[in-house]
Amino acid sequence: MADTTLSASPAGPRAASPAGPPGRAPSPPSGDFDRLAALPAGPERDRLRQEIIAAWLPMADRISLRFRKSGESLADLRQVAALALVHAVDRFDPRRGYAFESFAIPTINGELKRHVRDHVWSLHIPRRDQELRATVRAARTRLEQTGAGSEVTVAELAAETGLSEDEVRRGLDADGVHYTLSLDHPVAGADELPLADTLGRADLALDLVVDRQSLKPLLAALPEREKYVLYWRFFGNLTQKQIGARLGVSQMQISRILTRTCARLRQQLLATA
């Protein structure tokens, strides 16, 4: 970006930045955009373009300040606004007869809103909810300033905004999703336990409840020898050789019993699913 302290050009001296009341930038020297549109590509046009951008940069900075409470850093907001200003200068057509402000301000505002929407929210919510949040938040600020410290109710917000109470509640609910808390964040009222220790966890054993209940009658119907083999193998942690020694059969026979019994139980479970 060009330095905002600019030197004189052949067309006359140029101010470092537009002067004027806060919130509204006055026009830079007249004819700049006409000259920019008429100049061919080259060093002279590049120099004039940089001077125009530098002259309007304070306006872009002021617009970025409107979003300073969005949660984004001011440096990033200023960068987004400056880039939007560059795009506005490049796209502006003075032959349409409009003032540059009427084109640049909506362009910069739009880029800043898109940046906040796409990068600041930790949890992306529907645009309608974002709009409700902004409307409700502005109304609450107005009412708090005139309400002598009294808490603003949902009904008052609905009357102030013209929204329904359900829409106001949606806007209020959307007001806390800019940031997500760390799982290590201490929870007030819970003996300062970290958030992770207060959250429920999925019990993987719950997925087995139905299978276990379905398996019970099938196990009860097995012959006694097969029940012993399954119990000693899966609950007694005996090897096939140890089970065979207890029953007086070979390890190969125990392997066949386990394979045959498990396959039959699986088939019966699938048939009842």
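Modeller: Before we start, a residue counts as buried under 20% relative accessible area, exposed over 50%, and partly exposed in between (1.4 Å probe, protein chains only). This is a predicted model, where local features need pLDDT of at least 70, side-chain atom pairs count only at pLDDT 80 or more, and totals for chains, interfaces and linings use all residues. Residues are numbered from 1 along each chain as its sequence is written, and side-chain values use heavy atoms, with hydrogens and water left out.

Biologist: Thanks! Is V136 buried or exposed?

Modeller: V136 is buried, at 2% relative accessibility.

Biologist: And where is V136 placed?

Modeller: You'll find V136 in helix α5, residues 127-146. Helices here are DSSP runs of H or I with at least four residues, strands are runs of E with at least two, and both are numbered from the N terminus.

Biologist: Which residues is V136 in contact with, leaving aside neighbours within four places in sequence?

Modeller: Those are L157, L163, V168, G171 and L172, with contact meaning heavy atoms within 4.5 Å. As for L163, its C-alpha is 8.9 Å from that of V136, and the two are 27 residues apart in sequence.

Biologist: Switching to the whole chain, how many helices and strands are there?

Modeller: The protein chain has 12 helices and 0 strands. Of its 273 residues, 31% are buried.

Biologist: How do contacts split by sequence distance?

Modeller: Taking contacts between residues at least 6 apart in sequence, 56% join residues at least 24 apart.

Biologist: Nice. Last one: where does F234 sit?

Modeller: F234 belongs to helix α10, residues 224-234. Its relative accessible area is 48%, so F234 is partly exposed.
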